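The sequence and the model are shown first, and the description follows.

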Amino acid sequence: MLTIKNLKATVEGKEILKGIDLQVNLGEVHAIMGPNGSGKSTLASVLTGREGYQVTGGEVIFEGKNLLELSPEERAREGIFLAFQYPVEIPGVTITNFMKTAVNEIRKSKGLEPMNSVDFLKLIREKAKLVGISKEMLSRYVNVGFSGGEKKRNEIFQLALMNPKLGILDETDSGLDIDALKIVADGVNRIKSDNNAFIVITHYQRLLNYIIPDYVHVLYNGRIEKSGSKELALELEEKGYDFIASEVMP
Amino acid sequence: MNSKENLKEYLIKEFERNKEFFKNNSLPEIFEKRLEAIKYLSDFGFPTRKDEEWRFTNINPIIKNNYSSLNINKSDTFNTRINSILKSEINKHLIKNLNVNLIVIINGFYSEKHSVIKEKIPSAQISNIADFQKGNDDLIKQYFNKSLGNIKDAFTAINMAFSTNGAFIYIPKNVSAKNPFHILNLNISEENTLINSRNIIIADVGSDITVLESYHNISDSGLQNSNFINSITEIFLKPNSRVHYYKIQKDNNLPNIVHTTQVIQERDSKFKSFNLTLNGTIVRNNLNSLLIGENSECIFNGIYVGDNGSLIDNHTLVDHAVPNCYSNEYYKGIIGDESKCVFNGKILVRKDAQKTNAYQSNKNILISDKATINAKPQLEIFADDVKCSHGATSGRLNADELFYMRARGIPEKIAQRLLLFAFLTDVVGLGNNYSDSKKYRELIDKCIIKVISEKINSINL
């Protein structure tokens, strides 16, 4: 479904991604781990088309399309969803209005009629339940005044609503206590199916106790230096990222 | 006005030509003020960009225009023209489902035919100010031009000298008007007319009214609109009175406007205003409130959207002359294309005005590289025990917010419009809680939200 080949990217002239290769297939969960500054969030930003990131080499093919040629909204319509590390506050726009616009714009791009209000309300209430988002929260402005946990739950709620082919979770576990982590992970596990795939970016192994990855990749200094099964995450937790460093630098 | 003549000369000549008319149709006190005003104009002329209050606003298009009429005396032809205007032409500018006491001003003339005062308020006086100027009326003697004091600029001088018509609204003691008063200004562009109208609103002790002023073009006006509206609204709040005041300029192709709202607040009064400017070539809104009674409250809210090369200038002054008053000002603007907006907000806290709470905020979003905002928040404090703040910001749409929305599949332009609309909406309206008796403010606010939304959807991005 997703093929990344030798992807290189710079931020403000500095090379952050130095040749990433990754193959993600339907039904798979890939964890990308790595120390601070290794390029994890840059990878998420490049995949979703954020401004300020220059791709200097390589390619990303998603469902047969050259992803890097598409605008962020076109990528979303193709079925890519990023759960933000730092969800953005949007004063003046309610979650309901935000999601209604998003869902209907995606429908429009596929030549479908906009969803009527009754059906939409039913849909959002059903998905909100999944991660414990209350009716009251749905009428609040997007992320404004939300706690860290509420913001992350709101991301997973949006994920459930948009029902993407590829979900990218960018450090969704950061800033979460164990209860919030369980709610978020539980939400993802219910959405996970044979018809979608996930890339879970995380600094710690903790989240992977709840969202079980099929593959674990270690991103170090802009390259995937090591890939393995879920046991690799445990090894990292035990030995720290230094052991990768010692393998990389002879 | 012949082409060699400048506007000042033209005005002085026209005043001389019509002197007898003014003398015969004004109270002696008012005629005196007219003479003073003409003298001011003759001595000082028009402001230039060197004048601090006009630094950012070029009025040349107004003063270089070749006017052919001052609409001093309603001619028979013009009367026929006014009478030919259908009620439906007026009604389409009214707010849906809103019952109003309607006062229609056409090119500066009060139209008896179109004005409909539904509400019967005992001892209230609602009419054309022209009606009072001939008789020996104490109210008009007492209040005409009172809020403006000594003439300080050419536009108020011209209005003082030439205005004959306009709405006069006196609400007696302890009366709460059931319906808002809608002063609907309709513009007909047949010849280049300099229009001076004067509205006077007096809210007596303990009274409560809502006033809505709006400006519109008659639909058969051509695209070229070369009139100039120079109008003044004086508002007097007696002790413990409430005035909610809306001013709405939203139509396309409105003539150039210099409009001054001058307010005087006595003790325990509350004045709340909302000013909406969505279109116009040159629009100068002066809004000034003088607080002369303790425990008064003054709220100035406003929204402006400049596009298509318009120039929108909001000049405000809150003058705290006495202690224990509260004022809060909040203006927001979006500026696009090659247009230019000015926000000049001044809070003046005089020496005796201890325990003043005065706040002001102005926020702007620029959506084009060629758009300009000149924001000038001013705070002058001469008392030592006050709480005051002011500030102005200008910037672009937040890139993180835009990306967040686009990452959810919302196209860039739609995301921009959503954010622009969201940016403005927290200023809209004057009542957060619409009590049953003032339910109509909710209707007005809904209408305002609708026109803002339409404007945002039509603006170039």
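## Burial and the two chains

A residue is called buried if 20 or more other C-beta atoms lie within 10 Å of its own. By that criterion, buried residues make up 49% of the 461 residues in chain B. In chain A, buried residues account for 43% of the 250 residues. The model described here is a predicted one.

## Overall form of chain A

Chain A contains nine helices and 12 strands. Its radius of gyration is 18 Å, close to the 18 Å that the globule rule gives for 250 residues, so chain A is as compact as a globular protein of that length. The C-alpha trace of chain A spans about 60 × 40 × 35 Å along its principal axes.

Of the contacts with a separation of 6 or more, 71% are between residues 24 or more positions apart.

## Helix 1 of chain A

Helix 1 of chain A covers residues 40-48 and is mostly covered, with eight of its nine residues buried. The buried residues are K40(A), T42(A), L43(A), A44(A), S45(A), V46(A), L47(A) and T48(A). Just after helix 1 of chain A comes G49(A), which takes a positive phi of about 85°.

## Helices 4 and 6 of chain A

Helix 4 (residues 117-130) and helix 6 (residues 148-162) of chain A have axes that come within 9 Å and cross at roughly 135°. The two helices of chain A, helix 4 and helix 6, are therefore oblique to each other. The crossing of helix 4 with helix 6 in chain A is right-handed.

Which residues of helix 4 of chain A meet helix 6 of chain A? On the side of helix 4 they are L123(A), I124(A), K127(A), A128(A) and L130(A), and they meet F157(A), A160(A) and L161(A) in helix 6. By class, this contact of helix 4 with helix 6 in chain A has seven nonpolar residues, no polar residues and one charged residue.

## Overall form of chain B

The secondary structure of chain B consists of 12 helices and 19 strands. A compact globule of 461 residues would have a radius of gyration near 23 Å, and the 22 Å of chain B agrees with this. Along the principal axes, the C-alpha trace of chain B spans about 70 × 50 × 45 Å.

Among the contacts in chain B between residues at least 6 apart in sequence, 83% join residues at least 24 apart.

## Helices 10 and 11 of chain B

Helix 10 (residues 399-406) and helix 11 (residues 412-425) of chain B have axes that come within 9 Å and cross at roughly 125°. Helix 10 and helix 11 of chain B are therefore oblique to each other. Their crossing in chain B, that of helix 10 and helix 11, is right-handed.

In this contact, E401(B), L402(B), M405(B) and R406(B) of helix 10 of chain B meet E412(B), A415(B), Q416(B), L418(B) and L419(B) of helix 11 of chain B. The residues of the contact between helix 10 and helix 11 of chain B divide by class into five nonpolar, one polar and three charged.

## Where the chains meet

How many residues does each chain give to the contact? Chain B gives 18 residues and chain A gives 20 residues. On the side of chain B that touches chain A, the elements that give two or more residues are helix 10 and helix 11 of chain B. This side of chain B comprises 10 nonpolar, two polar and six charged residues.

## Positive phi outside glycine

N6(A) has a positive phi of about 45° although it is not a glycine. N6(A) is placed in strand 1 (residues 2-11) of chain A. The residue N6(A) is exposed, with 12 other C-beta atoms within 10 Å.

In chain B, D268(B) has a positive phi of about 55° and is likewise not a glycine. D268(B) lies in the loop between strand 10 (256-265) and strand 11 (270-277) of chain B. With 19 C-beta neighbours inside 10 Å, D268(B) counts as partly exposed.

Conventions. Residues are numbered from 1 along each chain as its sequence is written. Chains are lettered from A and ligands numbered from 1 in the order in which they are written. This is a predicted model: local features need pLDDT of at least 70, side-chain atom pairs count only at pLDDT 80 or more; totals for chains, interfaces and linings use all residues. Axes are lines fitted to C-alpha atoms, for helices over the stretch in contact, and angles run from 0 to 180 degrees between N-to-C directions. Helices (H or I, at least four residues) and strands (E, at least two) are DSSP runs, numbered from the N terminus. Angles under 35 degrees count as roughly parallel, over 145 as roughly antiparallel, 65 to 115 as roughly perpendicular and the rest as oblique. A crossing is left-handed if the near helix is turned anticlockwise from the far one by less than a right angle, and right-handed if clockwise. Two residues are in contact if their C-beta atoms, placed from the backbone, lie within 7 Å. Ala, Val, Leu, Ile, Met, Phe, Trp, Tyr, Cys and Pro count as nonpolar, Asp, Glu, Lys and Arg as charged, and the others, Gly among them, as polar. The radius of gyration is taken over C-alpha atoms; the globule rule is 2.2 Å times the number of residues to the power 0.38.
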